Amino acid sequence: MTRTLRRTRGIRLALTGALLAGLTLLTTAGPALADGPSASASPGGDEAGPTEAGTTFRTATALEQGRSGTAQASAGDYLYWVFPADAGQRPTVEATVELPESAARRGTSTWQVDVYDGLRRRQACMYGHQTRKAAADAATVELSCVLRPVRSWSEPWANDPLPGSYYVRLTVVDLPAADLGLPVDVEVRTSIKELGGGHDGGGAFAEPLVPGVSVASAGENGGRSSDAPRTVATGEPGDGWASGWWTDRWLWTVGGGVLAALAAVFGYSLTRGRGRPAHVPPGI
């Protein structure tokens, strides 16, 4: 009887320890899976970024994820950059405008940064300073825009961010006429935060929303340029576009199944009783 009790207690303690270990694993791994490290710097960060900006969507200067670009322009110009963002990522765009000396300016100015997706739909910022006014004596003005998480799939009528190219447009929206054309120095920085499968939409695009990707695919499928490398306007993230069936939700599914099995065994061990009482003879 004593051995049976000890064995039962040992089983309960083992199951309790396994259950607590599983819960600890999931609770500590959760933040790492949901809020992965920010890709603020890409490999080879010593490389200088582009030193010019486009003036239209078609001529937008390409930026790699986590890289910055600079440009010298005139107040009143529309400046464009483009960078890739994939499903499960949350892009952030920051811009710094160095203004001319206050003696050369006539008044205040208002600057604005806008972000458009691959379909050229303007995307709303979750938070940040998308529009800012610079006083007549200000030396710089800083803007920022944190986009919503990029989804792997969306309804046709929705305006959700989708995988593909993202265009950054920087311009001044309010400026004294006498200040038009004054030289300014601009720096734009992009960063990506990995959010994991918590924002998966249950579907996937056949191709990311990148200009030229459908033409490249048609060429490959038609067999006209099967040996030619596939080229698109803005490239892709460093580790490629997300595809296939794998997502970190599988980790949560497997972990949940293991915890459910442990809980079932533990519950059974608690409810099955201690067996035949010692004072009851066999056969009764």
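These are my notebook entries on what I looked up in a predicted model of one protein chain.

**Ground rules.** I worked from a predicted model in which local features need pLDDT of at least 70 and side-chain atom pairs count only at pLDDT 80 or more, while totals for chains, interfaces and linings use all residues. Residues are numbered from 1 along each chain as its sequence is written, and side-chain values use heavy atoms, with hydrogens and water left out.

**Overall fold.** I looked up the secondary structure and found 3 helices and 10 strands, where helices (H or I, at least four residues) and strands (E, at least two) are DSSP runs numbered from the N terminus. Along the sequence I read the pattern α-β-β-β-β-β-β-β-β-β-β-α-α. Of the 284 residues in the chain, 37% are buried, a word I use for under 20% relative accessible area, with exposed meaning over 50% and partly exposed lying in between (1.4 Å probe, protein chains only). I then turned to contacts, meaning heavy atoms within 4.5 Å, and noted that among those between residues at least 6 apart in sequence, 73% join residues at least 24 apart.

**Strand β9.** I followed β9 through residues 164–174 and found 9 of its 11 residues buried. Strand β3 (residues 79–85) runs antiparallel to β9 and is joined to it by 7 bridges, and β5 also pairs with β9 in the antiparallel sense, over 7 bridges; two strands pair if DSSP finds at least two bridges between them. In these pairings I located P84 opposite S165 in β9, and V113 opposite L170 in β9.

**G164.** This residue has its place in strand β9, and I count G164 as buried because its relative accessibility is 1%. Apart from neighbours within four places in sequence, G164 is in contact with F83, P84, A85, P208, L209, V210 and W241. I also noted that the C-alpha atoms of G164 and V150, 14 residues apart along the chain, are separated by 9.3 Å.

**V115.** I found V115 in strand β5, buried with a relative accessible area of 0%. Leaving aside neighbours within four places in sequence, its contacts include V93, C145, L147, Y166 and Y167. V115 and L147 are 32 residues apart in sequence, and I read 8.3 Å between them in space, C-alpha to C-alpha.

**Disulfide.** I looked for disulfides, each a pair of cysteine sulfur atoms within 2.5 Å, and the structure holds 1. C125 and C145 form it, with their sulfur atoms 1.9 Å apart. The pair links distant parts of the chain, C125 in strand β6 (residues 125–127) and C145 in strand β8 (residues 140–147), 20 residues apart. C145 is buried, with a relative accessible area of 0%.

**R105.** Which side chain of opposite charge is nearest to R105? I found that it is D179, 6.2 Å away, and that R105 is buried yet has no salt bridge, a term for a side-chain nitrogen of Lys or Arg within 4 Å of a carboxyl oxygen of Asp or Glu. In counting charge, Lys and Arg are positive and Asp and Glu negative, while His and the chain ends are not counted. R105 is found in the loop between β4 (89–98) and β5 (109–116). I then noted that the side chain of R105 reaches the backbone oxygen of P100 at 3.1 Å, and that the backbone oxygen of A138 lies 2.4 Å from a polar atom of the R105 side chain.

Conventions: Polar contact = N/O pair within 3.5 Å; in protein donor to acceptor, adjacent residues only side chain to side chain.
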